[in-house]
Amino acid sequence: MRLVFAGTPEPAAVALERLLASEHEVVAVLTRPDARKGRGRTLHPSPVKAVALEHGIEVLTPEKLDDDTAARLRDIAPDAIPVVAYGNLIPAGMLDIPTHGWVNLHFSLLPQWRGAAPVQAAIREGDATTGATTFRINEGLDTGDILDTLTDTISDDDTAGVLLERLAYSGADLLVRTMDGLESGTLTPKAQPEEGTYAPKILTADARVDWAADSTVIDRAIRAHTPAPGAWTMRGEERFKLGPVTSVDSTELAPGQVAFGKNEVRVGTGTRDVVLSTIQAPGKKMMNAADWARGLANDVRAEGMTFE
């Protein structure tokens with residue numbers, strides 16, 4: 001089929017690469033405009049744009065999908081527009097441009113976890129399984145007819161970054177399979193139930209650790225926010241980022257109370273204590289928590305340390 005691909009971040013670039021390697025023809029991509037990054041605030045293309053330029057594909061980068069974009073898409077006349085984390089609202093009047101519609105790859109088993117952060121929500125809520133879904137975009141929020149799905153088991157040590165990377169690759173194959181099925185006419189769209197769960201965009205404030213919570217809840221929350229925006233906590237005016245933790249059979253510490261062992265750093269929670277794996281102190285890089293603790297040997301503030 002003749003495709004226009006819409007996507008922006010790295011997981012979308014993975015899907016684009018798979019489509020380019022398939023029998024389908026990707027004639028153009030839609031992606032977000034170049035963004036400023038780094039200390040120099042220089043402009044960088046999105047991962048999807050970078051892949052498209054490598055392959056000599058036309059790149060469309062509108063701030064929003066306007067009449068000019070619609071006109072160009074109608075000129076291209078795609079059979080379908082596969083979408084992966086594009087990051088732009090698709091106007092209702094543009095949904096009928098491709099013959100087979102705009103087909104979104106979403107990283108959950110819809111109707112569970114509609115919205116911007118499905119992978120994070122699945123980990124945070126302790127789901128045993130998740131997956132990916134391809135569906136036709138309609139005017140609702142991830143409510144269109146389902147075309148195909150895949151399932152994946154969530155491991156006890158999966159972070160959002162690890163799980164999303166895994167789903168990006170398996171989901172890319174699912175997207176190619178969906179394009180194949182649309183072309184051959186072998187897919188039967190299935191309407192979604194109206195009721196579903198939602199996973200809104202995660203804010204930095206959402207990633208603050210609540211040490212009074214159950215240790216299992218804290219473990220899931222930290223993994224759900226790793227690597228972005230990154231779980232964090234405070235000690236006075238100092239802010240620390242934290243990597244995943246491990247619960248231990250101990251309830252010796254009060255919530256947030258820090259204890260330094262020979263080769264570990266423990267923190268109290270509302271239930272069992274947890275052992276920190278990594279920590280990032282203000283102005284420093286992320287490092288092994290035990291190494292960080294050894295560096296505090298002469299810091300009188302370390303005595304009686306408590307995270308808030």
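## Ground rules

A contact here means that heavy atoms lie within 4.5 Å. This is a predicted model, in which local features need pLDDT of at least 70 and side-chain atom pairs count only at pLDDT 80 or more, while totals for chains, interfaces and linings use all residues. Residues are numbered from 1 along each chain as its sequence is written, and side-chain values use heavy atoms, with hydrogens and water left out.

## The chain as a whole

Let us start with the overall picture. Of the contacts in the protein chain with a separation of 6 or more, 64% are between residues 24 or more positions apart. The chain has seven helices and 17 strands; these are DSSP runs numbered from the N terminus, with helices being H or I of at least four residues and strands being E of at least two. Along the principal axes, the C-alpha atoms fill a box of roughly 70 × 45 × 30 Å.

Among the 308 residues, 47% are buried, where buried means under 20% relative accessible area, exposed over 50% and partly exposed in between (1.4 Å probe, protein chains only). The protein chain exposes about 15,100 Å², and carbon and sulfur atoms supply 49% of that area; the areas come from the Shrake-Rupley method with a 1.4 Å probe, and for residues only the protein chains shown count as cover.

## Aromatic pairs around F240

Four aromatic pairs turn up in a search of the whole structure. Rings of Phe, Tyr and Trp (its six-membered ring) pair if their centres lie within 6.5 Å; planes under 30 degrees apart count as stacked, over 60 as edge-to-face and the rest as tilted. F240 and W292 form an edge-to-face pair, because their ring centres are 5.9 Å apart and their planes stand at 70°. F240 belongs to strand 11 (residues 238-242) and W292 to helix 7 (residues 289-294), so this pair ties together parts that are 52 residues apart in sequence. Both partners are buried: F240 has a relative accessible area of 2%, and W292 has 7%.

F240 also pairs with F307; here the centres are 5.6 Å apart and the planes at 50°, so the pair is tilted. This pair links distant parts of the chain, with F240 in strand 11 and F307 in the segment after helix 7, 67 residues apart. F307 is buried too, at 2% relative accessibility. Together, W211, F240, F260, W292 and F307 make up one aromatic cluster.

## A charge over a ring

R239 places its charged end over the ring of W232, 4.2 Å from the ring centre. The criterion is that NZ of Lys or CZ of Arg is within 6 Å of the ring centre and within 35 degrees of the ring normal.

## Backbone details worth a look

Most residues other than glycine have a negative phi, and most peptide bonds are trans.

A85 is not a glycine, yet has a positive phi of about 50°. A85 sits in the loop between strand 6 (81-84) and strand 7 (102-106) and is partly exposed, with a relative accessible area of 40%. W113 has a positive phi near 60° and is placed in the loop between strand 7 and helix 4. W113 is buried, at 10% relative accessible area.
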